[in-house]
Amino acid sequence: MFREIRKKKNALSVDAAKELLRSSKRGVFAVNGDDGYPYAIPINYLYDEEGEKIIFHGAKAGHKVDSLRKCDKICFTVYGNETIKDKEHEWAPHLQSAVVFGRCHLVEDREETLELIKRMAMKYYPDEKTVDDEVTESGMAVQMFVIEIEHISGKEVQEI
(Lines give C-alpha, C1' and ligand atoms only; values in the text may rest on other atoms or scores of the structure.)
Protein backbone atom coordinates (compact mmCIF):
# COMPACT_ATOMS: atom_id res chain seq x y z
CA MET A 1 0.00 0.00 0.00
CA PHE A 2 2.82 2.45 0.85
CA ARG A 3 5.60 3.21 -1.58
CA GLU A 4 9.12 2.07 -0.85
CA ILE A 5 12.08 4.44 -0.99
CA ARG A 6 12.96 4.80 -4.68
CA LYS A 7 16.72 5.06 -4.21
CA LYS A 8 17.42 2.04 -2.00
CA LYS A 9 20.96 3.21 -1.27
CA ASN A 10 19.48 6.22 0.58
CA ALA A 11 17.07 4.18 2.71
CA LEU A 12 17.45 4.13 6.48
CA SER A 13 16.46 1.05 8.42
CA VAL A 14 13.14 1.23 10.24
CA ASP A 15 15.12 1.22 13.51
CA ALA A 16 17.15 4.26 12.36
CA ALA A 17 13.93 6.05 11.33
CA LYS A 18 12.44 5.29 14.76
CA GLU A 19 15.58 6.63 16.46
CA LEU A 20 15.15 9.89 14.54
CA LEU A 21 11.51 10.04 15.73
CA ARG A 22 12.70 9.45 19.32
CA SER A 23 15.41 12.09 19.24
CA SER A 24 13.78 14.92 17.27
CA LYS A 25 11.81 17.62 19.03
CA ARG A 26 9.69 18.91 16.15
CA GLY A 27 8.15 17.62 12.98
CA VAL A 28 5.79 18.65 10.21
CA PHE A 29 2.22 17.35 10.40
CA ALA A 30 0.22 17.27 7.16
CA VAL A 31 -3.48 16.69 6.51
CA ASN A 32 -5.82 16.89 3.55
CA GLY A 33 -6.87 20.51 3.88
CA ASP A 34 -9.52 22.76 2.38
CA ASP A 35 -10.43 22.35 -1.31
CA GLY A 36 -7.94 19.50 -1.77
CA TYR A 37 -4.92 21.56 -0.75
CA PRO A 38 -2.48 19.92 1.67
CA TYR A 39 -2.12 21.66 5.01
CA ALA A 40 1.20 21.13 6.81
CA ILE A 41 2.31 22.69 10.09
CA PRO A 42 5.25 22.26 12.46
CA ILE A 43 4.42 20.61 15.78
CA ASN A 44 6.05 19.44 19.00
CA TYR A 45 5.31 15.78 19.64
CA LEU A 46 6.01 12.65 21.64
CA TYR A 47 6.85 9.39 19.90
CA ASP A 48 5.31 6.44 21.78
CA GLU A 49 7.26 3.55 20.26
CA GLU A 50 5.63 0.89 22.41
CA GLY A 51 2.12 2.00 21.39
CA GLU A 52 3.22 2.79 17.80
CA LYS A 53 1.76 6.28 18.14
CA ILE A 54 2.70 9.91 17.90
CA ILE A 55 1.08 12.24 20.41
CA PHE A 56 0.77 16.01 20.06
CA HIS A 57 -1.43 18.88 21.19
CA GLY A 58 -3.20 21.77 19.58
CA ALA A 59 -6.28 23.94 19.65
CA LYS A 60 -9.76 22.48 19.97
CA ALA A 61 -10.90 24.19 16.76
CA GLY A 62 -9.34 25.31 13.49
CA HIS A 63 -8.05 24.15 10.13
CA LYS A 64 -6.31 21.04 11.50
CA VAL A 65 -9.36 19.84 13.47
CA ASP A 66 -11.76 20.54 10.60
CA SER A 67 -9.51 18.64 8.19
CA LEU A 68 -9.19 15.63 10.50
CA ARG A 69 -12.95 15.44 10.95
CA LYS A 70 -13.24 15.09 7.15
CA CYS A 71 -10.30 12.70 6.65
CA ASP A 72 -8.12 11.10 9.31
CA LYS A 73 -5.26 10.13 6.96
CA ILE A 74 -2.07 12.06 7.72
CA CYS A 75 1.62 12.33 6.99
CA PHE A 76 4.21 13.33 9.58
CA THR A 77 7.86 14.10 8.83
CA VAL A 78 10.92 14.78 10.96
CA TYR A 79 14.41 15.57 9.77
CA GLY A 80 17.80 16.18 11.28
CA ASN A 81 21.15 14.57 12.07
CA GLU A 82 22.99 16.80 9.61
CA THR A 83 26.54 15.58 9.18
CA ILE A 84 29.46 16.57 7.01
CA LYS A 85 30.96 13.43 5.51
CA ASP A 86 32.99 15.02 2.76
CA LYS A 87 35.28 17.98 3.53
CA GLU A 88 35.21 18.98 -0.14
CA HIS A 89 31.43 19.47 0.11
CA GLU A 90 31.06 20.97 3.59
CA TRP A 91 28.34 23.22 2.22
CA ALA A 92 26.23 20.14 1.35
CA PRO A 93 25.55 18.09 4.50
CA HIS A 94 23.98 14.66 4.68
CA LEU A 95 20.52 14.85 6.21
CA GLN A 96 18.26 12.13 7.60
CA SER A 97 14.47 12.14 7.52
CA ALA A 98 11.69 9.89 8.70
CA VAL A 99 8.19 9.86 7.22
CA VAL A 100 5.16 8.42 9.00
CA PHE A 101 1.80 7.66 7.43
CA GLY A 102 -1.15 6.93 9.65
CA ARG A 103 -4.51 7.96 10.95
CA CYS A 104 -5.03 10.70 13.49
CA HIS A 105 -7.83 11.10 16.00
CA LEU A 106 -8.75 13.64 18.61
CA VAL A 107 -8.66 12.45 22.21
CA GLU A 108 -12.10 13.05 23.69
CA ASP A 109 -11.62 11.52 27.17
CA ARG A 110 -10.57 14.17 29.73
CA GLU A 111 -8.50 11.84 31.93
CA GLU A 112 -6.64 10.45 28.92
CA THR A 113 -6.05 14.01 27.71
CA LEU A 114 -4.46 15.06 31.01
CA GLU A 115 -2.30 11.91 31.09
CA LEU A 116 -1.08 12.51 27.51
CA ILE A 117 -0.40 16.20 28.16
CA LYS A 118 1.84 15.24 31.08
CA ARG A 119 3.65 12.50 29.14
CA MET A 120 4.34 14.83 26.25
CA ALA A 121 5.32 17.78 28.45
CA MET A 122 7.93 15.69 30.26
CA LYS A 123 9.85 15.60 26.96
CA TYR A 124 10.11 19.39 26.84
CA TYR A 125 9.94 20.81 30.36
CA PRO A 126 12.83 20.71 32.84
CA ASP A 127 11.01 18.96 35.71
CA GLU A 128 7.76 17.37 36.83
CA LYS A 129 6.68 20.29 39.04
CA THR A 130 6.86 22.69 36.08
CA VAL A 131 4.83 20.22 34.02
CA ASP A 132 2.19 19.86 36.75
CA ASP A 133 1.92 23.66 37.11
CA GLU A 134 1.50 24.09 33.34
CA VAL A 135 -1.11 21.32 33.10
CA THR A 136 -3.07 22.87 35.99
CA GLU A 137 -2.93 26.32 34.35
CA SER A 138 -3.76 25.47 30.74
CA GLY A 139 -4.67 21.78 30.56
CA MET A 140 -8.38 22.43 30.07
CA ALA A 141 -7.77 24.45 26.90
CA VAL A 142 -5.66 21.78 25.18
CA GLN A 143 -6.80 19.26 22.58
CA MET A 144 -4.66 16.14 22.35
CA PHE A 145 -4.20 14.24 19.10
CA VAL A 146 -2.94 10.69 18.57
CA ILE A 147 -1.52 9.36 15.31
CA GLU A 148 -1.85 5.60 14.92
CA ILE A 149 1.23 4.74 12.84
CA GLU A 150 0.60 2.58 9.78
CA HIS A 151 3.95 2.96 8.00
CA ILE A 152 7.41 4.39 8.77
CA SER A 153 10.26 4.94 6.36
CA GLY A 154 13.47 6.90 6.48
CA LYS A 155 16.27 8.04 4.25
CA GLU A 156 19.56 9.88 4.23
CA VAL A 157 20.47 12.22 1.39
CA GLN A 158 23.22 14.67 0.63
CA GLU A 159 21.74 18.01 -0.29
CA ILE A 160 23.80 18.86 -3.38
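Mentor: Happy to! Let us say first that two residues are in contact when they have heavy atoms within 4.5 Å of each other. This is a predicted model, where local features need pLDDT of at least 70 and side-chain atom pairs count only at pLDDT 80 or more, while totals for chains, interfaces and linings use all residues. Residues are numbered from 1 along each chain as its sequence is written, and side-chain values use heavy atoms, with hydrogens and water left out.

Start at Phe76. Not counting residues up to four places away in sequence, Phe76 touches Leu21, Gly27, Val28, Phe29, Ile43, Tyr45, Ile54, Ala98, Val99, Val100 and Ile147.

A nonpolar core is a set of buried Ala, Val, Leu, Ile, Met, Phe, Trp, Tyr and Cys residues joined through side-chain atoms within 4.5 Å; buried means under 20% relative accessible area, exposed over 50%, and partly exposed in between (1.4 Å probe, protein chains only). The largest such core has 24 residues, and Leu21, Phe29, Tyr45, Ile54 and Phe76 have the most contacts inside it. Among the elements that each supply at least two of its residues are helix H1 (14-23), S2, S3 and strand S6 (73-83). Helices (H or I, at least four residues) and strands (E, at least two) are DSSP runs, numbered from the N terminus.

Now look at S2, residues 26-32. Gly27, Phe29 and Val31 make up its covered face, whereas Arg26, Val28, Ala30 and Asn32 are on the uncovered one. In a regular strand, side chains alternate between the two faces of the sheet.
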